[in-house]
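Hello,

Here is the structure I said I would pass on. My notes follow it.

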Amino acid sequence: MRISDILARRQSFSFEIFPPKGDMSVDQAAQVSTELCENHPDWISVTFSAGGSGNSERTADIGRRIERGVGTTALAHLTCLGSSRSDIDAYVRRLHSAGIENVLALRGDHAPGREAIDFTYASDLIPYLKDAGLCVGGACYPEGHVECESLEADLEHLKLKVDAGTDFLVTQLFFDNEDFYRFRERCDRKRIKVPIVCGIMPFTSTRQLQRMAFNCGASIPARVVKRLVAAGDDVRAQFDAGVRYACEQVRDLAANGVDGIHIYSMNRPEIGRAVHDALADCGYLRA
Ligand code: FAD
C-alpha cells in the first residue's frame, strides 16, 4: 500500500529496522519484522547502508519479505551519493519486482569515495523516483541538519525537497518534543504541507545516546541526563530508562495530534511492544 494513502486516512504507527549485518542472516532479520508486526504497524522501513557494512544489497530482500511474507507495507530507504542513474535504475527494478511501492529518498552522508555522481541532494533523487511510479518520502530535521549553518537555510532546502514531489516526511530523532512542535509551526508558515511523521529513538545506553546525539546533532535535555545518572552503570536500568522516556515522548506526541509516529526499533522487538502498549493505552492506536 502507498504510505501517502495510509497517511491520508489516519495517524500512522510504524517501525524502522536495519538489514542484517555481520553474522545476522536475512532469515533472522525477517523474524524481527515478524515479531514487530505483532504490534500491527502501518509499515516497516528498512535502512540502506552505502558504507562499509555492505548490507545495502539486503534492503530490497528484507522489504520483499515484509511485503510478501509478513504482509505489511515496506518502506525501502535509498541513498544517492556515489550512485549513478543506472545504479538507481537497478535498485528501482529490484523494488518493483519485490512489490515495494514506497521509498525514503536520501542523500546519505559524505565519505571518501562516495562523491555525488548524478545526484547531489535528495531533492535531485526525488523527482527521478516519482517518475518511476514510487511513493516517495524524505528526511527532515527538527533541530536542523548537522551540516547546515542555520535552521532557516535548512528549511529553505526542505521546501525545495517537498516541492520536488516528496509525499511525506520522516524526522530525524529528537528528545525534546518542543523542538518538534516549533519545527511543525515553521513548516506550516513555510507552506510545507505534506504529512510529517515523528521519528523516535528510545536510547538504550549512555554510550549509544552519546553516539547518536553526536552523529545527528540532536540535543539531550537535562531530564534525560538525570535519568541516566540515576541508572548509573546498570546497563538494564539504562535501557529501561530509555524505553520509559520514549513511551512518555510518544504519549505527548499523540496528545498533540501528530501525523504519525515512527519508532527506530534497532531490531529489538521488546522496544516495539513497549511503545505499542503506551500508544494503545492513550487511545492513539485503534483496538
Ligand atoms: P538532503 O536533503 O540532500 O540535505 C543534505 C544537506 O544539504 C542539508 O544540510 C541540507 O540543508 C543541504 N541542502 C539540501 N539541498 C540543498 C541545496 N539545493 N543547496 C544547498 N544545500 C542543500 N542514512 C543512510 O545512510 N541510510 C539510511 O537508511 C538513512 N535513513 C535515514 C532516515 C531518516 C528518517 C533520517 C532523518 C536520516 C536517515 N539517514 C540515513 C541519514 C541521512 O542520509 C543523512 O542525514 C544525510 O546527511 C542527509 O540526507 P538527506 O536526504 O536529508 O539530505
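**Ligand contacts**

Tyr141 has a polar side-chain atom 2.6 Å from an oxygen atom of the ligand, a polar contact (a pair of N or O atoms within 3.5 Å; within protein, one must be able to donate a hydrogen and the other to accept it, and residues adjacent in sequence count only if both atoms are side-chain atoms). The model is predicted: local features need pLDDT of at least 70 and side-chain atom pairs count only at pLDDT 80 or more, while totals for chains, interfaces and linings use all residues. Residues are numbered from 1 along each chain as its sequence is written, and side-chain values use heavy atoms, with hydrogens and water left out.

In the side chain of Asp154, an N or O atom is 2.6 Å from an oxygen atom of the ligand. For His157, the distance from a polar side-chain atom to a ligand oxygen is 2.7 Å. On its own the ligand has 980 Å² of accessible area, of which the protein covers 84% (Shrake-Rupley method, 1.4 Å probe; for residues, only the protein chains shown count as cover).

Two or more residues of the shell come from each of β3 (73-79), β4 (102-106), α6 (151-163) and β6 (168-171); helices (H or I, at least four residues) and strands (E, at least two) are DSSP runs, numbered from the N terminus. Helix α6 gives the largest share, four residues.

Arg114 sits in the loop between β4 and α5 (122-131). With 18% relative accessibility it counts as buried (under 20% relative accessible area; exposed is over 50%, partly exposed in between; 1.4 Å probe, protein chains only). A polar atom of the Arg114 side chain lies 2.7 Å from the backbone oxygen of Asp109. Asp109 is also among the residues that come nearest to the ligand. The C-alpha atoms of Arg114 and Gly82 are 4.3 Å apart, although 32 residues separate the two along the chain.

Thr171 belongs to strand β6 and is buried, at 1% relative accessible area. Its side chain reaches the backbone nitrogen of Gly199 at 2.8 Å.

**Helix α4**

The buried residues of α4 are Ile88, Tyr91, Val92, Leu95 and Ala98. Seen down the helix axis they fall within an arc of 125 degrees, so they line one face of α4; the arc is that of the directions from the helix axis to the C-beta atoms.

Regards

Technical notes:
A residue is near a molecule or strand if one of its heavy atoms lies within 4 Å of it.
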